[in-house]
Amino acid sequence: MTDLSKYRNIGIFAHVDAGKTTTTERILKLTGKIHKTGEVHDGAATTDFMEQEQERGITIQSAATTCFWDDHRFNIIDTPGHVDFTVEVYRSLKVLDGGIGVFCGSGGVEPQSETNWRYANESEVSRIIFVNKLDRLGADFFRVIEQIKKVLGAKPLVMTVPIGREDDFVGVVDVLTKKAYVWDDSGQPENYEVKDVPAELVDDVDTYHEQLIETAVEQDDDLMMAYMEGEEPSTEDIKRCIRKGTINLDFFPTYCGSAFKNKGIQLVLDAVVDYLPNPTEVDPQPLTDEEGNETGEHAIVDVEEPLRALAFKIMDDRFGALTFIRVYSGKMAKGVTVLNSYTGKTERIGRMVEMHADERNELESAQAGDIIAVVGMKNVQTGHTLCDPNNPCTLEPMIFPDPVISIAVKPKDKGGSEKMGVALGKMVAEDPSFCVESDEESGDTILKGMGELHLDIKVDILKRTYGVELEVGKPQVAYRETITQPVEDSYTHKKQSGGSGQYGKIDYRIKPNEPGTGYTFNSTVVGGNVPKEFFPAIEKGFRLMMEEGPLAGFPMLDVDVELYDGAYHAVDSSAVAFELAARGAYRQTMPKAGPQLIEPIMKVDVFTPEDHVGDVIGDLNRRRGMIKDQEPGTTGVRIKADVPLAEMFGYIGHLRTITSGRGQFSMEFSHYLPCPAQVAEEVIAAEKEKKAAKNK
């Protein structure tokens with residue numbers, strides 16, 4: 001049996017372009033997993049193996065690989081940085097025990113690093129920080145440290161200090177041991193010397209060393225008392241305390257270097273071994289019942305426990321469907337039968353493989369702590385739990401965001417329909433934030449996703465991987481509807497047509513809900529005027545009707561329905577009668593409750609050189625944007641704003657024009673807000689026209 005204390009399941013995450021994939025490449029080179037380092041800008045990186053990734057120089061899907069350092073086994077996942085693919089980061093963090101947050105030395109804490117950091121906080125993943133690209137113009141390690149404190153509200157624990165800046169960056173000082181690591185110009189990671197701390201850095205290193213020890217000994221009362229009495233703790237004791245604080249998320253050991261120039265990576269690998277938790281040191285995953293409520297039990301990471309594993313990603317490649325699985329407890333071997341607790345069906349484990357990006361090594365068995373892939377599973381989807389048939393259980397499932405943008409597509413030739421259907425089925429299984437619907441009247445297929453780039457890549461994959469040429473319509477915004485006034489009303493459903501009839505009377509109040517709460521239903525009926533067994537039918541009737549609002553047929557959000565009275569008939573009342581009463585009540589009352597169209601507002605983060613700030617702000621104002629914040633940096637200004645999604649289509653092209661190609665932006669969904677009257681009128685009129693055209 002392998003020793004779980006030697007396992008590290010880690011993810012590398014950051015803002016787009018901070019150097020995650022390059023860092024992963026360097027780690028693989030150092031650990032002997034690859035012999036030639038691939039560069040992202042040449043399209044040759046190991047973990048960016050999709051054509052689209054190689055062309056665009058971005059990571060689209062998380063890639064898994066395994067390597068060894070200092071007799072420890074690392075299962076590494078390189079995640080995307082672009083906001084449209086956050087779902088990949090989220091599901092990767094869900095199954096990891098630790099992470100490396102990579103920040104750009106000149107860009108600092110960028111928008112997507114904030115989102116990923118927030119996800120990691122929610123998943124309670126221990127992290128170390130690596131400030132990369134210190135050889136770049138404008139790179140400043142200490143400014144990034146301040147940003148991490150201010151923007152992320154995190155406590156970085158400085159473990160290394162850079163020697164030299166920008167072009168003169170040659171190495172780092174290890175604050176704990178007070179040793180300088182200096183690399184030569186060959187670019188080879190192993191060509192370094194360990195020297196004394198350069199004279200100009202001695203005072204700084206002493207200060208950081210003292211801070212390091214003071215922060216570390218706070219984790220151990222006895223050591224702290226001894227330290228206050230003047231006793232210097234041993235390096236082993238300090239490391240033990242840093243490990244404890246890192247696992248408790250009290251602070252984050254922070255390193256610096258340049259992945260591209262191969263400087264400083266070894267110390268990061270040592271830190272993964274020294275400070276990030278092994279699978280047994282992480283709070284075990286909670287188990288849930290069929291409704292998704294926690295049962296109080298946990299999947300303890302132990303080889304002797306019954307099998308519990310989570311499918312966290314599905315990928316289709318040239319060998320067939322691959323299901324990525326994190327094994328939490330027990331063992332999994334070739335040929336055994338496992339239960340999928342979501343579907344209640346059993347599946348036989350066929351081929352098991354250990355992944356290295358898109359290459360694979362066959363395995364006979366896996367155990368608690370492993371991240372592996374299984375070939376050819378039929379009915380397993382992302383978030384499903386696989387377990388021992390004699391010990392059924394469900395691991396806490398994953399929750400994915402709703403898409404905010406959609407496009408209509410249809411194949412250019414008739415033969416493409418069937419191919420497109422098969423391809424889309426595979427793509428939806430791979431990416432839970434990507435949805436497909438069909439518009440029955442127009443015959444178009446509607447693709448829904450997290451942003452323009454997300455859908456752009458999907459159309460590209462359909463064309464290249466599956467050979468389906470598409471005609472693509474204009475992007476559509478996911479509008480919603482809500483109400484603005486409370487209404488008290490009553491509705492009676494009566495039907496008599498020979499034999500037993502239908503009868504249900506409900507008295508109810510409908511009122512606007514807090515933004516973001518969705519639809520809620522509660523009952524305050526007393527005295528049994530409406531029997532309890534009919535409440536679920538009434539709730540269901542309202543819920544199903546919420547999918548189509550009274551103004552333009554968009555789904556309703558943030559509505560509270562309270563059932564306070566009603567009446568029933570001993571013979572004619574039934575669940576169906578009360579469900580129909582609720583549907584009729586919805587149609588009767590919603591138009592009276594001040595219905596209103598609401599639109600998705602995006603949190604937009606624009607970076608622009610200083611001389612174009614006025615143009616960018618003026619343009620955002622024209623797009624109905626609300627400017628929230630401006631932050632000057634060394635190479636330009638970051639402008640934060642809330643802007644309606646409807647105004648942001650094609651923004652990147654426009655931004656490049658007004659900033660001479662130097663502007664960048666990212667955006668993610670923030671919340672819904674009421675549409676201005678003029679916009680609402682246009683949208684409602686367009687929807688009515690569509691419906692009229694369909695009904696002809």
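Biologist: In which helix is Gly245 found?
Modeller: Residues are numbered from 1 along each chain as its sequence is written, and side-chain values use heavy atoms, with hydrogens and water left out. Helices (H or I, at least four residues) and strands (E, at least two) are DSSP runs, numbered from the N terminus. Gly245 falls within residues 235-247, and that run is helix α8.

Biologist: Is Gly245 buried or exposed?
Modeller: Buried means under 20% relative accessible area, exposed means over 50%, and partly exposed is in between (1.4 Å probe, protein chains only). Gly245 has 0% relative accessibility, so Gly245 counts as buried.

Biologist: Which residues does Gly245 touch, not counting those up to four places away in sequence?
Modeller: Let's count a contact as heavy atoms within 4.5 Å. Val217 is 28 residues from Gly245 in sequence, and their C-alpha atoms are 9.6 Å apart. The residues that Gly245 touches are Gln219, Asp250 and Phe251.

Biologist: What is the relative accessibility of Thr385?
Modeller: Thr385 belongs to strand β23, which covers residues 385-387. Beyond four places in sequence, Thr385 is in contact with several residues, including Ala309, Leu339, Ser341 and Cys393. Thr385 counts as buried because its relative accessibility is 1%.

Biologist: Which residue's side chain does the side chain of Thr177 join in a polar contact?
Modeller: Thr177 sits in the loop between β8 (171-174) and β9 (179-183), and at a relative accessible area of 39% this threonine is partly exposed. A polar contact is a pair of N or O atoms within 3.5 Å; within protein, one must be able to donate a hydrogen and the other to accept it, and residues adjacent in sequence count only if both atoms are side-chain atoms. At 3.3 Å, the side chain of Thr177 is joined to that of Asp174.

Biologist: Which two residues touch the most other members of the largest nonpolar core?
Modeller: A nonpolar core is a set of buried Ala, Val, Leu, Ile, Met, Phe, Trp, Tyr and Cys residues joined through side-chain atoms within 4.5 Å. The largest one has 59 residues, and the two touching the most other members are Ile100 and Ile242.

Biologist: Which helix gives that core its largest share?
Modeller: The share is eight residues, and they come from residues 265-275. That stretch is helix α9.

Biologist: How much of the chain is buried?
Modeller: The chain holds 16 helices and 38 strands. Out of 696 residues, the buried part is 55%.

Biologist: What is the mean pLDDT of the chain?
Modeller: Residues 33-50 stay under 50 in pLDDT, and residues 52-62 are below 50 as well. Where pLDDT is low, the predicted coordinates should not be read in detail. Still, 83% of residues reach 70 or more, and the chain's mean pLDDT is 79.

Note on methods
Predicted model: local features only at pLDDT ≥ 70, side-chain atom pairs only at ≥ 80, totals over all residues. pLDDT = per-residue confidence, 0-100.
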